Amino acid sequence: MSFYQENIDILCSKYPAFKEDILDRFTKSPDMIISDSRSGLPTAVIDGKFIHSNHEPIKEAEKLVASEISHKSTACIIEGFGLGYYVEAILKLRPGIPVIIVEPSAERFLKSLEARNLSYIFTSPLVSLLIANKSDSIRLLLPGLPRGCIQLFKHRSLYELDYEYYKE
């Protein structure tokens, strides 16, 4: 079975509306090109720009999360999914904190499902997805987050592509 099908099966199981809301309405992005990094792990290019390291995407993600996500954080909202490296790093390096993934492009999200096994992310009870939702839909999930330090994490390359969405 392909990564894509495995990831789809998990998402449809965890989020029953995923098929109708995402799969039946959107197609995979032709603009996001998945290739191998120098380490052999997948990376992706959009509009000629890498959205993850072309050398060591896992190490880059872990280094950035370690420096930008405080140990005092009680939850994290990540702006942009990419290939999920940053989400995995947050789950690994800041265990126990809820993570909300905000990704405005269902097309890019679907394309990312081809690249790697994302079951660690999608089976986590700490992860919530907002894919192709209106930007104000985050307000529905905020009351369920623990009180304290809710941190925003911008996936910079993707944030720039969808700047107006995230600004809103």
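Predicted model: local features only at pLDDT ≥ 70, side-chain atom pairs only at ≥ 80, totals over all residues.

Reader: Which residues line the largest cavity?

Author: The general idea is that rolling a probe the size of a water molecule over the atoms shows where empty space is left. Here the largest cavity is lined by Met32, Phe81, Gly82, Glu103, Arg108, Phe109 and Leu158. Its volume is about 30 Å³, and the count of cavities of 30 Å³ or more comes to one.

Reader: What volume does the largest pocket have?

Author: The largest pocket has a volume of about 270 Å³. Lining this pocket are 14 residues, and those closest to its centre are Asp21, Leu129, Leu130, Ile131 and Asn133. Helix H2 (18–23) and strand E6 (127–131) are the elements that give two or more residues to the lining. E6 gives the most, with four residues. By class, the pocket lining holds ten nonpolar, two polar and two charged residues.

Reader: Now the packing. How many residues does the largest nonpolar core have?

Author: In soluble globular proteins, nonpolar side chains tend to be buried together. In this model the largest nonpolar core has 39 residues. Val87, Ile101, Phe109, Leu113, Ile121 and Phe122 have the most contacts inside that core. Helix H4 gives the most to this core, with six residues. There is also a second, separate core of ten residues, including Ile77, Ile100, Tyr159 and Tyr165.

Reader: Which residues does Phe122 touch?

Author: Leaving out residues up to four places away in sequence, Phe122 touches Asn7, Ile10, Leu11, Lys14, Phe81, Phe109, Leu113 and Leu129. Among these, Phe109 and Leu113 are also listed with Phe122 for the most contacts inside the core.

Reader: Is helix H4 mostly covered or mostly open?

Author: Helix H4 covers residues 85–93 and is mostly covered, with seven of its nine residues buried. The buried ones are Tyr85, Tyr86, Val87, Glu88, Ala89, Ile90 and Leu91.

Reader: That leaves the charged pairs. How many salt bridges does the structure hold?

Author: Side chains of opposite charge can pair when their charged atoms come close. The structure holds ten salt bridges. In one of them, Glu62 meets Lys92 at 2.9 Å, N to O. Glu62 lies in helix H3 (residues 57–68) and Lys92 in helix H4, so the pair ties together parts that are 30 residues apart in sequence. Glu62 is partly exposed, with a relative accessible area of 22%.

Reader: How far apart are the closest N and O atoms of Asp24 and Lys19?

Author: In the salt bridge between Asp24 and Lys19 the closest N and O atoms are 2.9 Å apart. Lys19 is partly exposed, with a relative accessible area of 45%.

Reader: Where do Lys167 and Glu164 lie?

Author: An α-helix has 3.6 residues a turn, so residues three or four places apart point the same way. Lys167 and Glu164 both lie in helix H8 (residues 163–167), three residues apart, about one turn of the helix. Their side chains meet in a salt bridge of 3.7 Å, N to O. Both Lys167 and Glu164 are exposed.

Reader: Which residues are linked in a network of salt bridges?

Author: A network of salt bridges links Lys28, Lys111 and Glu114.

Definitions and conventions. Residues numbered from 1 in each chain as written. Heavy atoms only, no water. Buried < 20%, exposed > 50% of the residue type's maximum accessible area, 1.4 Å probe, protein only. Core = buried A, V, L, I, M, F, W, Y, C linked by side-chain atoms within 4.5 Å. Contact = heavy atoms within 4.5 Å. 1 Å grid on protein atoms, 1.4 Å probe; cavity = no way out; pocket = protein on both sides within 12 Å on 5 of 7 lines; lining within 4 Å. Points joined across faces, edges and corners; volume = space filled by probe spheres on them. Nonpolar A, V, L, I, M, F, W, Y, C, P; charged D, E, K, R; others polar. Salt bridge = Lys/Arg side-chain N within 4 Å of Asp/Glu carboxyl O.
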